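Subject: Two-chain model, handover and findings

Hi,

Here is the structure for you to look over.

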Amino acid sequence: MSLSLVPEDEVRAALRPYRPDRDAFEAAVRERLQVAEQRQAADPLWRASPLLKSAAAFLPLQVLAGCKAAPAASNATASATGAAGGYKLISYLAFPAISLFVLLGAAGFSARKIRAIRDASGKELSDSEAMREATSRWWRENRWSAWTVFAVTIALALLGASWLLFLFYIVSFGLLLSILSSLAKLGLGNRQLIGRSCMLGLMFLGQTAMISGIGIAEIHFLDQAAVGAVFFGGVLVLLPFTMGVPQLLDTRIQKPSRWMWAFAVAFAAFQALLAILVWSVSKNPWIVALVLGSVLILVGTMVYQTRFSGQRIAIPGQRTAAVFMAVLLVPLMAFVLSPVVRPVSRADMKRYVESYAAAPHHSVSWESWEIVTRWAIESKLDPDLTQPRRLIAEEFAGKQNPYILGSALRTGLLPVEQVGEIREYDRQRRSFVDHPAGLKPQAITSLAYNDWAIRGAALRGDLSPAERDYLEGRLIATLQEASQSQQVELRDLLLVTQLLEVIGRPVDRERYRGLVHDLLREFQSKKSGGFQFAGGFKKYRTWPVNAWHEQTGSLDSTAYAIELMETYGVPANLDLNWVRSFLRPSAMRFGDQKYVAASALDRLNHLPGVRRPGWIEVLYYERSLLAACVLVGLCVYATLISPPRNFTPASVG
Amino acid sequence: LDLTKLIDAYRGPLIGLIASWGAPWAEATEIAEESFAEAWLRRESCRGDIENPVVFGRWLRGVALNQYRNSVRSRRRRERRVANLEPAALAEFPSAETETQGEDLQALRQAIDRLPSKQRQAVLVHYLEETSVSEVAALLGVSAKTVEGRLYQARRALRRMLDGKLGAPQIARMLCL
């Protein structure tokens, strides 16, 4: 049976009257766009929801937009209005707009509440036996809550999301109040016990903050390991107040079990391996000492326990433990806080450039050194390159690695007159400029490998105008091919730009700005892992699908990306705070890395038209650190306002 | 991303889609214009590769749906405030041209209006302009095969309607949908 259908032409004809006029439609769209852009320029909030407009009436727009935006208010609004549905609601109600205000409010409320609890607390227990019983009772009543808090803290720390931890720290204010209140009800609200409870809590929070990769996937300007250091600082402050805790005075020192010794041996072996690994990578004696120091402290404590087992802890015992703790924590805090307190200075970087006397990782080391050295030269630090020149002379007399020769030429280490003496120079030079008549200029592959020959020929004046024209064509072809090539790296784009300058044919920035900006946006990575922060620029466009980890930002590529921005400007919609976050000073950057990061960060801060983060942004992004400081402050406050008690142990002697 | 190319590719289907939701034709055109402007302004918010037709189609449909809902809300407000406004008058578009069409086409147009919603949507999106099935599929978020199936069923249903051979199930479906 054949089915009869209405002809398509008839359907089209029936709908023809409704067809819009092509040109009129496009003109109407463009007119709407123009009106929208004008209105947005005049009033950044005109596209915002009424709720957002109301909020903007009393909150700074940058805070409202989660500090994700550039100074241009229009961008900020776009960020804020980009969210949808439930996310929008959460961001309005909890984050980011009011998080700082919540912190301030919670801190004020907690301080008042602590005083109120102190004032309302009943009669203190004076008998140590009754006190021990009350403590046991408290633990029986609260142990499940305590275990839950421990588990949540560890889980959140392992997740590494600092905004979750920030929430948790605020919740901790409430936990602190709850603990104080319950201790007071049992007659345990004395300074020693409260100080010790707070100290143990802060110690636990500090350890969880240190072991995890907190904040590596988020924007921060300071290393989030500082959060752990703040908690440890609180521990050190509270240590003197915990001497003479009545429950401990009668307790006897116990001999470590065999399991404990087995654990110590395993821990020592692990730390020894870690120390070997660290030494092979960084040759930093301080880090190795820190790693091995933890073993010494653990073993030392166990030897002490074995030697004095059966004796009462008493106050001297507590003091000894406090000294041990201080010996452990002070170097750890100094290590973690050193990049924050004393970031790499220009003098440090000049010293690094001048003292470069060995390249342990060959061309890779040279590449890092070159990035810092070019920055030092452009920053007019006038470094003395005697030592690096000695090193390059050895290379020149030996292998003549093309990558290293390129670095030497780009930093002026290699005299131009010596270029002609490089093996293969003539053959390499000809390979770039000789071409059959009529052949279209081809892109240059492995530009980083071949840079020295083109640069050397241009600096020596070995290129005729026709050869320069031809080379310009090849370099432009390389640039154009970059948008499609799977092998492209950001370094190639930078080298093309530099080489065009060197051969006297500067790049048409306006023409290629869009191409470079597209690539910069594509290469920016917000993935983290392997001790690398999110927000840097990837080295490779493609990454093996079956690789055991994802590609994160590379320090070198990020430095090249910033240099490209110096030439081509900052791409629209590229949040520089992510880049700044990637380059933040960190205790986990060793050797060359910290100097490369510091030089790239300095370049970033001096990009034309780029604004450094304001104090609101800094406070917003460091809210976890701020919350940690407030929590420590509350613990110290709660300890100080609690009444000190003097006890006589029930069975001394 | 070229705005002109995007408009050329999605103008007809988008207007047809908005009309299939129930907007009068004149209003559908305006909503489509606003949707293109909005989608272009907020293109950075699009999740996924915006140059992928499937991604862009889905994104544009979402923007248009929001615009359509806003339009419906503001129309209702307007209707509440101006009691004597005849909504039907807004739906007449373009009246001068429709009068000049033959009776057959007028009947076909009425039959299209009576099609089940998914078939009507496919017809309006596909036939308003010369739009490929793949672009229609991208905009509707379905497979090309599904679009082809709906178009086939729609043309068959139209033929039956025009010949006065409507079956009971089809009448029931039209009443329900």
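Below are the conventions, then the chain interface, the helix pairs and the salt bridges.

This is a predicted model, so local features need pLDDT of at least 70 and side-chain atom pairs count only at pLDDT 80 or more, while totals for chains, interfaces and linings use all residues. Residues are numbered from 1 along each chain as its sequence is written, chains are lettered from A and ligands numbered from 1 in the order in which they are written, and side-chain values use heavy atoms, with hydrogens and water left out.

**Interface of chains A and B**

Contact (heavy atoms within 4.5 Å) involves 41 residues of chain B and 30 residues of chain A. The two chains bury about 3,700 Å² between them. Of that, 64% is on carbon and sulfur atoms. Buried area is the accessible area (1.4 Å probe) that two parts lose on being put together, summed over both. On the chain B side, B:Glu33, B:Tyr127 and B:Arg155 lose the most area to chain A, together 18% of what that side buries.

**Helix pairs across the interface**

Helices are DSSP runs (H or I, at least four residues), numbered from the N terminus. Axes are lines fitted to C-alpha atoms over the stretch in contact, and angles run from 0 to 180 degrees between N-to-C directions.

Angles under 35 degrees count as roughly parallel, over 145 as roughly antiparallel, 65 to 115 as roughly perpendicular and the rest as oblique. The contact residues include A:Phe25, A:Arg32 and A:Leu33 on α2(A), and B:Glu33, B:Phe36 and B:Trp40 on α2(B). By class, there are ten nonpolar, one polar and five charged residues in this contact. Ala, Val, Leu, Ile, Met, Phe, Trp, Tyr, Cys and Pro count as nonpolar, Asp, Glu, Lys and Arg as charged, and the others, Gly among them, as polar.

Helix α1 of chain A (residues 8-15) packs on helix α6 of chain B (residues 103-113) at about 90°, with axes 9 Å apart. α1(A) is therefore roughly perpendicular to α6(B). Here A:Glu10, A:Val11, A:Ala13, A:Ala14 and A:Leu15 meet B:Leu105, B:Leu108, B:Arg109 and B:Ile112. The classes are seven nonpolar, no polar and two charged.

**Salt bridges**

The rule is a side-chain nitrogen of Lys or Arg within 4 Å of a carboxyl oxygen of Asp or Glu. It gives 36 salt bridges over all chains. Four cross the interface of chain B and chain A. B:Asp8 and A:Arg22 form a salt bridge at 2.5 Å, N to O.

Within chain A, A:Glu472 pairs with A:Arg505, the closest N and O atoms being 3.9 Å apart. A:Glu472 lies in helix α23 and A:Arg505 in the loop between α24 and α25, so the pair ties together parts that are 33 residues apart in sequence.

Best wishes

Key:
Helix = DSSP H or I, 4+ residues; strand = E, 2+ residues; numbered from the N terminus.
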